[in-house]
Amino acid sequence: MGDLKGQTAIVTGASRGIGLAAARALFSAGANVVLTARTEDAAQRAALEIGGGVRDSQITGLGAHVADEEAAARCVSSTIERYGPIDILVNNVGTNPAYGPLIDQDRGRFAKLFEVNVWAPLSWTSLVAKSGMLERGGSVVNTASIGGLILEPTVGAYNASKAALIHMTKQLALELSPTIRVNAIAPGVVRTRLAEALWREHEDSLSQSTPLGRIGEPDDVASAVLFLASDAAKWITGETMVIDGGQRLGNPEEFRGRTHV
């Protein structure tokens, strides 16, 4: 799983959190990695961090707002010019400007949510597929969420966008088969800035109610991205891998310590 030498990957939204960890995992596995962030400075700082504080020709940071189609096209072209054909795309960028009941959301927040969480992954996948991946083959990994598989009271709009991304992953897996594999990951509560409101004030209680005893770390999710991007998953497509420490199962406290007869 760990040998991606000679392959080229793009990771969107890779200046921090899951995206940064995924870019580091792909880089450590030998891939050439282009990571993107909203600004060039943020992307280049992340590339420098992954390179251990020195500039490494194997990793590059580019500024590209994920929903800007022209910026996305430039990023894809620059990647091919620098490293050759693209083998892996990780659609990691996500946003959540909409909290509260669905009927209280305004059109602007709802539109931004779906533009970033659904349209952008489709746009980048289309660009990469048409740049040669359809002919050569490759892997696309979309960052969804367990929110796309469950119901919650205050993040219904966000969860709806992630449910749409999960469905789109399946659709693209069929449309782009047999050469491109398209899968998704569905993280639970992970120690990222996007999810901070879910864990910052009550990490201890959340950890106790998680079967594996802690919230997730970006590296936990990055390992799944690396697996799905690699040939270790060469017969997997259209799937959504849940990485949540068992959070979807429910609170384990009432199950622990019971005797069996």
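How much space lies in the second largest pocket, and which residues line the second largest pocket?

Author: This is a predicted model, in which local features need pLDDT of at least 70 and side-chain atom pairs count only at pLDDT 80 or more, while totals for chains, interfaces and linings use all residues. Residues are numbered from 1 along each chain as its sequence is written, and side-chain values use heavy atoms, with hydrogens and water left out.

The second largest pocket holds about 180 Å³ of space. A pocket is found on a 1 Å grid over the protein atoms alone, as an open set of points where a 1.4 Å probe fits, with protein on both sides within 12 Å along at least five of seven lines; lining residues have an atom within 4 Å of a point. The volume is the space filled by probe spheres set on the points, which are joined across faces, edges and corners.

The lining consists of E40, Q44, A47, L48, R55, D56, S57, I59, T60, G61, L62 and R82. Two or more of these residues come from each of α2 (40–50) and β3 (59–63); helices (H or I, at least four residues) and strands (E, at least two) are DSSP runs, numbered from the N terminus. By class, the lining has four nonpolar, four polar and four charged residues. Here Ala, Val, Leu, Ile, Met, Phe, Trp, Tyr, Cys and Pro count as nonpolar, Asp, Glu, Lys and Arg as charged, and the others, Gly among them, as polar.

In the loop between α2 and β3 one finds Q58. From C-alpha to C-alpha, Q58 lies 9.5 Å from A47, and the two are 11 residues apart in sequence. Leaving aside neighbours within four places in sequence, Q58 is in contact (heavy atoms within 4.5 Å) with F27, G30, A31, N32, V33 and Y83.
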